[in-house]
Amino acid sequence: MAREYRPLDCLLHTGSEKLGLLILNQPLDGPERLQLLWSKSLIRACADGGANALYKCMGNSRDRFIPDFISGDFDSIEKAVQEYYKEKGSYFIETPDQNHTDFTKALQLLLQRVRDHNTKIDMVVTLGGLSGRFDQILASVETLYQTRPLTNLPLYVIQGSSLICLLREGKSTIRVDKDLQGSWCGLIPVGEPCYHVTTSGLKWNLSDAQLKFGTLVSTSNKMDESGVVTVETDAPLVWTMEVPRLKPSPTIL
């Protein structure tokens, strides 16, 4: 049975998806996207300095955007921000393990809370992690691989005009609302080759093709007008696509 992904449904104002939201230590793309995702979230968290990004982004409205927990080794969060969210009731969880990034540790905690409280969500969305230092961008990809054993939920990372998620081996169906469909997408084999990849719904489809660095990587591809892509692969693949910018919507919250 194919796994189904609806990566941009979380950005539909009319969507009914429930999600877990994680904010990383990188500048947020304005309040509109955050407000929409926040309104759909049943659990909200920041990874260390992600609290700084939330605090600055929401300005005078920040008292309506209080995360459930903030985790990390707390070497990035500003003291004033830390005191503010402590006073507002956010739970602080110290995670000093240096063998994992703050993103990985925060995502593990969020997924654990979802299981412990039997929280019914459709996906986890992370804001940040796809700009700045190249090693940190790769660390974001590595987090998706590390957390595979912990959940079957779709995990999406969004920043700027980019989204990534990890497609598991087997068959996947990706559905995108036509109003949100962007101009590019790609399939990237990270860490290991994919020897048998077949797709439909792309401008340049693959038929039992090998995706491997040094041989072929599917970048700068496009979805066709159907808004539905199928991917069959013998190993995990990173799916990436363009994310539209949202127009301000004062009625969200």
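User: What makes helix 1 and helix 2 roughly perpendicular to each other?

Analyst: In this predicted model, the axes of helix 1 (residues 31-39) and helix 2 (residues 50-58) come within 10 Å and cross at roughly 110°. Axes are lines fitted to C-alpha atoms, for helices over the stretch in contact, with angles from 0 to 180 degrees between N-to-C directions. Angles of 65 to 115 degrees count as roughly perpendicular. The pair is therefore roughly perpendicular.

User: Which residues make the contact?

Analyst: Helix 1 supplies Pro31, Leu34, Gln35 and Trp38; helix 2 supplies Leu54, Cys57 and Met58. Contact means heavy atoms within 4.5 Å. Six of these residues are nonpolar, one is polar and none is charged. Ala, Val, Leu, Ile, Met, Phe, Trp, Tyr, Cys and Pro count as nonpolar, Asp, Glu, Lys and Arg as charged, the others as polar.

User: Why are strand 1 and strand 12 said to stand at the edges?

Analyst: The open sheet has five strands in the order 1-9-14-11-12, with mixed pairing. Strand 1 (3-5) and strand 12 (209-211) each have a single partner strand, so one side of each lacks a neighbour in the sheet.

User: How do you know that strand 9 and strand 14 pair?

Analyst: Pairing needs at least two DSSP bridges between two strands. Six bridges join strand 9 (residues 170-175) to strand 14 (residues 228-233), and the two run antiparallel. Among the partners, Arg175 is bridged to Val228.

User: What does the numbering and confidence rest on?

Analyst: Residues are numbered from 1 along each chain as its sequence is written. Local features of this predicted model need pLDDT of at least 70.

How values were computed:
This is a predicted model: local features need pLDDT of at least 70, side-chain atom pairs count only at pLDDT 80 or more; totals for chains, interfaces and linings use all residues. Side-chain values use heavy atoms; hydrogens and water are left out. Helices (H or I, at least four residues) and strands (E, at least two) are DSSP runs, numbered from the N terminus. Angles under 35 degrees count as roughly parallel, over 145 as roughly antiparallel, 65 to 115 as roughly perpendicular and the rest as oblique.
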